[in-house]
Amino acid sequence: MEGLGRHILAEFYGCDFERLNDPDLLGRASLDAVQRSGATIMSHHTKTFEPHGVSGVVIIAESHLSFHTWPEHGYAAVDYFTCGDRIDIHLAVDVMGEALQAARSERTLHWRGTDLADEPHRPAVGLEARPPERPPERPRISDHAADEEQWVTEYHLDRCTGRRQLGYSYLAQQRVVRERSGLQDIAVAESSIYGRMLFIDGYLMTTEADEFVYHEMLAHVPLVLHPDPRRVLIIGGGDGGLVREVLRHDTVERVDLVEIDDQVIEISRAHLPGHAVGFDDDRVRLHIQDGADFVGLAAPASYDVALVDSTDPIGPARVLFEAPFFRALQRILPPEGLVAAQSLSPWVQAAEQRDLYGALGAVWPHVLTYHATVPTYPGGLWTFACCSNGTLDLTDFDRARAARLGDQCQYYTPELQVAAFHLPRFVMRNTVEIAQAHRDRDRDRDHDRDRDRDRDRDRDRAGALAPDQDQAPVPATERARPRVR
């Protein structure tokens, strides 16, 4: 144990006004939270303020849980302090979050009394019991973060329970900007290692230091595979990095970028200028619209290549990982058209990745996967799907064009154009083979359906030609006799 007790500080944003102003609901939720966490309730109290706001405390044998709400801001603060380490404090915070129906939450954990963690008993009262003065030690690599430090953590949740199971933390030199749009929470923080980092709803989207890997590979691999990419559609990509890379291709005449939230574009213009350099190019058209809706209304065969630069399959982006969206994309591409999309982490998002490739295999006859190393994305190994109606020949591309692009890039090379498609075995099983299995299953189902349809048609035709059961059969001699007037 690292101290005498643990203290968790939680903040809840985007909560419903009525819930934050309901003392009965908050009182029940706080009691339920500490009870389910395994604590022993001693007493509790709530207080309602005017014109609005509620405070409350639950005293437990192990210490306390307290909360205060600001309904006018949709915000609640909760802290939970317990002695020892047997109480499930994260479960208590989860229960409070469920009751508040928060759009977003943050939490930090602190050990209290860390200097006394190894004491065999409580020291006696008095000056004589004070521990001897010790010279300051050199900082240990495992030292706790100082209180004044600002850490930004990207949490990944268990798919079934919704509980946090993994976090990636970054020391922020400063929080550059944080805004709540009508759709999501957008923040930019600055790191000494990765430069400025863009977060949406707590998930890291891009950094100044390693963004080139993702954007170069999502843009150049499919565009080089296409013999003459002129009309390019980008779904998402509001930070601008993908547009910048697409515009490096001389053949491109028009780029339509569809971003659901215009504040992502404006924040990127202001705080990530290296990403957003292509927004003002004459070839670029910005559409502030839901990507699935835009694709559904687009004309058939109106784009040569479509690039899906979406957030993870959570909330509004979930539809961009499902078969109906891919069917709509298939409709707006010509037979030789290509689609490339970010396809998640095989380490952290394996289940979501299998679902995605199942949907791709149900739509596209040819689905391939390629990969790149993106340090700030969960697991480091990141994948991309490349789909086509026609067979994809990975060696049939303009090597001179690839070489010219490679000279302008930091990650992409003509050699990676082919090598990136060579996958580790476990990645192949989770992507390409999943798509193949779904394609084969649908093909077998269609075959069985066609066979049953032909059988039913033949049976109906045979029934139509058969003699009427109620009519006596005509002797053969009479059937052969000519009719005479």
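Two strands pair if DSSP finds at least two bridges between them. Helices (H or I, at least four residues) and strands (E, at least two) are DSSP runs, numbered from the N terminus. On that basis, β3 and β4 form a hairpin with 2 residues between them. The model is predicted: local features need pLDDT of at least 70, side-chain atom pairs count only at pLDDT 80 or more, and totals for chains, interfaces and linings use all residues. Residues are numbered from 1 along each chain as its sequence is written, and side-chain values use heavy atoms, with hydrogens and water left out.

**Whole chain**
- The protein chain contains 14 helices and 18 strands.
- Of its 485 residues, 45% are buried (under 20% relative accessible area, with a 1.4 Å probe and protein chains only).
- Contact means heavy atoms within 4.5 Å; among contacts between residues at least 6 apart in sequence, 66% join residues at least 24 apart.

- Strands β3 (residues 54-60) and β4 (residues 63-70) are antiparallel and share 6 bridges, with Val-57 partnered by Ser-66 in β4.
- β4 also pairs with β5 (residues 75-83), again in the antiparallel sense, over 8 bridges; here Thr-69 stands opposite Ala-76 in β5.
- The hairpin of β4 and β5 has 4 residues between the strands, and in this hairpin Gly-74 takes a positive phi near 65 degrees.

**Seven-stranded sheet**
- An open sheet of 7 strands runs in the order β14-β13-β12-β15-β16-β18-β17, with mixed pairing.
- The twist from one strand to the next averages 15 degrees, where axes are lines fitted to C-alpha atoms (for helices over the stretch in contact) and angles run from 0 to 180 degrees between N-to-C directions.
- Within this sheet, β12 (residues 231-236) and β13 (residues 254-259) run parallel and are joined by 5 bridges; Leu-233 has Asp-256 in β13 as its bridge partner.
- Helix α6 (residues 262-271) lies across β13 and β14, at about 130 degrees to β14.

**Cavity**
- A cavity is a set of points, on a 1 Å grid over the protein atoms alone, where a 1.4 Å probe fits but cannot get out; lining residues have an atom within 4 Å of a point.
- The count is 1 cavity of 30 Å³ or more, and the largest cavity holds about 40 Å³, a volume being the space filled by probe spheres set on the points, which are joined across faces, edges and corners.
- Residues lining the largest cavity include Val-308, Phe-321, Gln-342 and Leu-360.
- β16 (338-342) and α9 (350-363) are the elements that give two or more residues to this lining.

Terms used:
Buried means under 20% relative accessible area, exposed over 50%, partly exposed in between (1.4 Å probe, protein chains only). On a 1 Å grid over the protein atoms alone, a cavity is a set of points where a 1.4 Å probe fits but cannot get out, and a pocket is an open set with protein on both sides within 12 Å along at least five of seven lines; lining residues have an atom within 4 Å of a point.
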